[in-house]
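Please look at the sequence and the three-dimensional structure shown below.

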Amino acid sequence: PNASSYTSATIVSGAANMHLHNNLGATLDTIILELWDIQFNTLLAIDSIFSPIPSGTTATIPIDLSGRTVSNRFRAIAHCHTPGGFVTLASTRGGSTELDFIGAITVSSATAEIPAISRSFSDQVNLLESDRIDTASIASGNLQISISNATNLSAIVTVTIPDIQQGGQPLTLMPSVSPLQTTILNINLSGYEIIPTDASVPQTLDISAIANVIATAPIHVTISQSDSFFINSTLQNLTFNSVSGYFDSVAVSFNGLNQAINVPTGFDSIQMTSAILTLEVTNSIDLPGDLNIQVDGNNGKNLNLVGSISASGGLASATSSIVEPSAGSFLSPIPSQINFSGSVVFANGGYQGKIEANDFICATVTLVSPLEMIIDPAQVETDVEKTEINQKDIDAITDHVIEAQFVYNIVSHLPIGAQVDIYFGPDSATLFSNPQLLVNALQLPAAPFGAGGIVTDTISTDFQNVYLDSIDLKILKNDTLY
């Protein structure tokens, strides 16, 4: 190096030539050369030559500088002997020395003009996912990158993460990092995609960085072989819009789901002999599942439903049906509440699929008609109906009519006969316990049915008459009649 390009250097390996130019006009037969470092006041080398050096020629002594710390200021001391000779023009005669470095010099530290240089370094960031991701669309999350510059040099660092992309282009950053400083970058990853090249779980994403150092000339800067750039990266709070990959088994359990059943009065003693329970599961997740549901009724009965549900397969959803053809015993007697618990194991054994943020799974339970049942003698109460009666001039009816007829026609689709009682009164709360008028013992025959007890048609009582006397007609004096 040129002496002006550095101030000092600790040399790992390197050498210099010390030259003595003989311009005395006489031959030199003995030379002893010393090389001193002026700044550090150290003797770097001493050597001798005992062969003739004619005038006008140069003697060269190589000097090994390995392990030496040198400055850019040197002094050469030459001790010379001549056997004598005829010298002319003494004023122009003399000797001179020159120091010249040989080839490349390797140093462990130096204070010098530093040329423009590039240094590459790298890091990896862990995905921390238990399943293999092929592609993932990021909904939210943060990538924190810490770049430390443990040198006295300013640098522009180009950071590239090939596995995080936007619009098909890798995530690239170019921050400036000051000497002996750490720069922390926080990158909002919303809208980016992760496309890992590493297929082994847990996966890592490679991060490459190139530190480009600007030339410092004419300023001298101290550097050392222990100087370094390094990078550290962390993914934080990642959520995804969608993930495609290979998913291992994932179990999802649930409990505490219940459904109340409004059992009509009198039906609490009905015994079902045959019923088909169908569970329809709609799955928008592109993963198949194995379903195991425990159904418990408050009648002390339970039912276990086991089956498979299909993956959506790229469609909006897929519907799977699990049929239990022997649900009659579970519904005998009919429970007033049913509790559901169980689990779904998705991708059992592993599955290549896709999960999206708005995926869902839902189910409906239906009892498919016809139902077969055994009905013991029972009283069934219908819903209470009401009517408003205009009381203007109602006395003209209630005070003068001696007899009237209640005309009815009852149509049935039941395969069993029944006795129908009709209650009238002004109070819905006491209608069945204390009616004002009771029309009872109306006979309703069974509707016709075919093989298997399935009703084939309705049956009607036709229009029938019940006679009411003047006392019965007092019910018309109620503004509201139930």
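Two strands are said to pair if DSSP finds at least two bridges between them. Strands (E, at least two residues) and helices (H or I, at least four) are DSSP runs, numbered from the N terminus. The model discussed here is predicted: local features need pLDDT of at least 70, side-chain atom pairs count only at pLDDT 80 or more, and totals for chains, interfaces and linings use all residues. Residues are numbered from 1 along each chain as its sequence is written, and side-chain values use heavy atoms, with hydrogens and water left out.

Strand β17 (residues 228–247) runs antiparallel to β9, and 16 bridges join the two. Within this pairing, Ser-148 has Phe-230 of β17 as its bridge partner. Strand β13 (residues 182–188) is also antiparallel to β9 and is joined to it by seven bridges; here Asn-142 stands opposite Asn-188. Strand β14 (residues 193–194) is joined to β9 by two bridges, again in an antiparallel arrangement, and Glu-193 in β14 is the bridge partner of Ser-137.

Consider next the chain as a whole, which contains 33 strands and one helix. Its radius of gyration is 52 Å, well over the 23 Å that the globule rule gives for 482 residues, so the chain is more spread out than a compact globule. This radius is taken over C-alpha atoms, and the globule rule is 2.2 Å times the number of residues to the power 0.38. Along the principal axes, the C-alpha atoms fill a box of roughly 175 × 55 × 35 Å. Of the contacts (heavy atoms within 4.5 Å) with a separation of 6 or more, 83% are between residues 24 or more positions apart.

How much of the chain is buried? Buried residues make up 33% of the 482 residues, where buried means under 20% relative accessible area, exposed over 50%, and partly exposed in between (1.4 Å probe, protein chains only).

Several single residues deserve attention. Thr-456 is found in the loop between β30 (437–444) and β31 (459–460). This residue counts as exposed because its relative accessible area is 57%. Leaving aside residues up to four places away in sequence, Thr-456 touches Pro-448, Phe-449 and Gly-450. Its C-alpha atom is separated by 8.6 Å from that of His-413, which is 43 residues apart from it along the chain.

Ala-316, in the loop between β21 (302–309) and β22 (318–324), is likewise exposed, with a relative accessible area of 69%. The C-alpha atoms of Ala-316 and Thr-158, 158 residues apart along the chain, are separated by 42 Å.

The backbone also has features to examine. A cis peptide bond, with omega about 0°, joins Val-201 and Pro-202, and Pro-202 is placed in the loop between β14 and β15 (204–213). Another cis peptide bond joins Ala-217 and Pro-218, with omega about 5°; Pro-218 lies in the loop between β15 and β16 (221–224).

Ala-347 is not a glycine, yet it has a positive phi of about 55°. Ala-347 lies in the loop between β23 (337–346) and β24 (351–356) and is buried, with a relative accessible area of 0%. Ala-441 also has a positive phi, near 65°. Ala-441 is found in strand β30 and counts as partly exposed, at 41% relative accessibility.
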